[in-house]
Amino acid sequence: MVCGGFTCSKNSLCALNILYVMVSLLMIGIAAWGKWFGLVSSFQVVGGVIGVGVFLFFVALVGLIGAMRHHQVLLFFYMIILFMVFVVQFSVSCACLAINKDQQSHLLEVGWNNSKITQKDVEKTLNCCGFSSVDPNGTCEAPCFPNHSCATCAAKIQQHAGEVLRFVGGIGLFFSFTEILGVWLTYRYRNQKDPRANPSAFL
């Protein structure tokens, strides 16, 4: 059986969705692990990562069931949802790769000012105080604060922000191309006839 056949398309689609299931479970597990061990105290961050993982899990489950049963309706909705996810993820990945230093600084400052919990997490993890200036009369979670030897968090965050954005953009681009591959496989697989099915059956 050549790779353009029914069986190869089915197996490829199943393998792709099993990969998505594994990635979704990994995202949920890492988020829960980080919250359990106190690495991340922000419920919004943990909830967001778990929400994305659960969404990806259900999308992959729909694709897996649709591929196993050659179910036209499930495969159609899976193809539409996967294409929309591809558009969003591709756009975000390109934005991560194209962002400049000034835009990075602005976005980091906006994110810093939006969450006090995130500020405490960053101060404790990076051993820094304040975003662009250190207030000696304020409060800070960093171990260096009692000694008045803390650097600003903006300086430390910006050392790694570019690398993180390039890494996230690259990973996002990689998975966006696997998603468009999934859309193409699903479209082709829907239009192929199951050789073991009843020739008069539509679904």
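Visitor: How many helices and how many strands are there in the protein?

Guide: Helices (H or I, at least four residues) and strands (E, at least two) are DSSP runs, numbered from the N terminus. Here there are six helices and zero strands. This is a predicted model: local features need pLDDT of at least 70, side-chain atom pairs count only at pLDDT 80 or more, and totals for chains, interfaces and linings use all residues. Residues are numbered from 1 along each chain as its sequence is written, and side-chain values use heavy atoms, leaving out hydrogens and water.

Visitor: Which residues does UniProt list for "transmembrane region"?

Guide: The unreviewed UniProt entry lists 12-33, 45-68, 75-100 and 167-187. Its positions are in the numbering used here, feature names are shortened, and annotations may be inferred rather than shown by experiment. In the model, residues 12-33 are 100% helix, with end C-alpha atoms 31 Å apart. Residues 167-187 are also 100% helix, and their end C-alpha atoms lie 31 Å apart.

Visitor: At what angle do the axes of H5 and H6 cross?

Guide: Two packed helices are described by the angle and the distance between their axes. Axes are lines fitted to C-alpha atoms, for helices over the stretch in contact, and angles run from 0 to 180 degrees between N-to-C directions. H5 (residues 116-126) and H6 (residues 153-190) cross at roughly 80°, their axes coming within 11 Å. They are therefore roughly perpendicular (65 to 115 degrees). Contact (heavy atoms within 4.5 Å) involves Val122, Glu123 and Leu126 of H5 with Cys153, Lys156 and Ile157 of H6.

Note on methods:
Parallel < 35°, antiparallel > 145°, perpendicular 65-115°, else oblique.
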